[in-house]
Amino acid sequence: MKVVDQIKQAKSTLFSIEILPPLKGKSIQSIYNIIDPLQDFKPSFVDVTYHREEYVYKKREGGYLEKVSTRKRPGTVGICAAIMNRYKIDTVPHIICGGFTKEETESALIDLQFLGIDNVLVLRGDAVKNERSFIPEPGGNAYAIDLVKQVVNMNQGSYLHEEEMMEVTPTNFCIGVAGYPEKHYEAPNLTSDLKYLKMKVDAGAQYIVTQMFYDNQKYFDFVKKCRDMDINVPIVPGLKVLTTKAQTSILPKTFFLDIPHDLMEAVDKCTNDQQAKEVGIEWAMMQSKELIKAGAPVLHFYTMGSAEPVRRVVSKVF
Ligand code: FAD
């Protein structure tokens with residue numbers, strides 16, 4: 001079922017998760033180890049992230065260096081199919097602009113359609129290592145909005161190079177996009193970022209999933225600003241349970257977010273990661289309860305390889 005239909009039919013806040021494909025060469029069991037303990041809480045859908053290639057330089061005979069493309073976490077589409085088959089849960093593969101021509105994107109979307117996957121989260125992707133800023137693939141989509149438009153075209157039965165085609169079956173994807181309560185790091189200001197978010201929604205995105213945040217007021221302000229700009233689709237808050245002391249500096253650097261003073265003070269008092277995790281779980285419970293009370297459509301948890309902290313939070317709030 002489409003994510004927006006699940007939200008429309010729900011009588012209360014839903015629960016969903018995001019998982020990362022295992023590292024190349026690892027077993028899919030690591031995915032099941034995350035979903036199994038969360039099954040009791042009936043996740044409405046499972047997002048599976050997409051990780052584009054990275055370049056490494058390999059030393060070859062004679063001393064020259066060869067640039068080799070490698071993917072650390074392949075398997076997004078296969079994982080979605082495996083989860084649907086095993087758990088009968090809806091999956092949301094992430095699709096990105098980076099590294100894909102429009103033709104390759106079209107083929108990937110056709111695969112998803114054949115697998116019976118109804119949802120996609122449409123993203124631009126980040127710059128690859130060694131590149132200072134995001135460079136689109138020649139013949140690919142430059143911004144998430146361009147990819148939204150490609151999916152919308154396919155939903156309307158318009159494929160690339162369609163003059164060569166006889167009859168077409170439209171796809172039927174529900175399209176989600178990313179939103180940033182604390183602003184996307186490249187945007188000059190939040191208003192500019194929201195202008196582009198509105199363009200994604202006007203182009204056909206049906207719901208928004210936010211970057212993680214630790215201060216609910218930032219989410220509430222973001223929702224208000226979106227509504228003021230006539231962005232009226234569901235806005236799903238993304239949550240990540242803080243589990244180590246180091247994350248108070250890693251998460252801001254990686255995701256461009258603030259750690260609230262009270263949370264920082266509580267973590268600073270911890271002498272080890274076990275104590276920091278307890279603080280993180282308490283904080284996520286507090287955030288979750290307040291978001292549910294405020295009528296958030298879904299609580300979407302970034303599992304980042306570990307089900308246990310999420311299980312402890314949702315067992316207390318759902
Ligand atoms: P866009 O919406 O394209 O925005 C990128 C920047 O350009 C913003 O600053 C925006 O203000 C600006 N902008 C947008 N449109 C235009 C325009 N037409 N002209 C000029 N400026 C414009 N990354 C992955 O690689 N794989 C994943 O699976 C993944 N999952 C994610 C899930 C969520 C919920 C979130 C929040 C992020 C995820 N990301 C993922 C990270 C994401 O790819 C990066 O944050 C990326 O830098 C921006 O993606 P976007 O879709 O928001 O881009």
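Analyst: Buried means under 20% relative accessible area, exposed over 50%, and partly exposed in between, with a 1.4 Å probe and protein chains only. At 6% relative accessibility, H94 therefore counts as buried.

This is a predicted model, in which local features need pLDDT of at least 70, side-chain atom pairs count only at pLDDT 80 or more, and totals for chains, interfaces and linings use all residues. Residues are numbered from 1 along each chain as its sequence is written, and side-chain values use heavy atoms, with hydrogens and water left out.

Start with H94. Its place is in strand β5. Strands (E, at least two residues) and helices (H or I, at least four) are DSSP runs, numbered from the N terminus. The side chain of H94 has an N or O atom 2.8 Å from an oxygen atom of the ligand. The side chains of H94 and D47 are joined by a polar contact of 2.6 Å. A polar contact is a pair of N or O atoms within 3.5 Å; within protein, one must be able to donate a hydrogen and the other to accept it, and residues adjacent in sequence count only if both atoms are side-chain atoms. Leaving aside neighbours within four places in sequence, H94 is in contact (heavy atoms within 4.5 Å) with E18, D47, V48, T49, Y50, T76, L121 and L123.

For D126, a polar side-chain atom lies 2.5 Å from one. For R124, a backbone N or O atom lies 2.9 Å from one. Taken alone, the ligand exposes 990 Å², and the protein buries 87% of that. These areas come from the Shrake-Rupley method with a 1.4 Å probe; for residues, only the protein chains shown count as cover.

Now the shell. There are 24 residues around the ligand, and D126, Y180, H184, D193 and K200 come nearest. A residue is near a molecule if one of its heavy atoms lies within 4 Å of it. The shell divides into 13 nonpolar, 5 polar and 6 charged residues. Here Ala, Val, Leu, Ile, Met, Phe, Trp, Tyr, Cys and Pro count as nonpolar, Asp, Glu, Lys and Arg as charged, and the others, Gly among them, as polar.

Which elements build the shell? β5 (90-96), β6 (119-123), α6 (190-203) and β8 (207-212) each supply at least two residues. α6 gives the most, with 3 residues.
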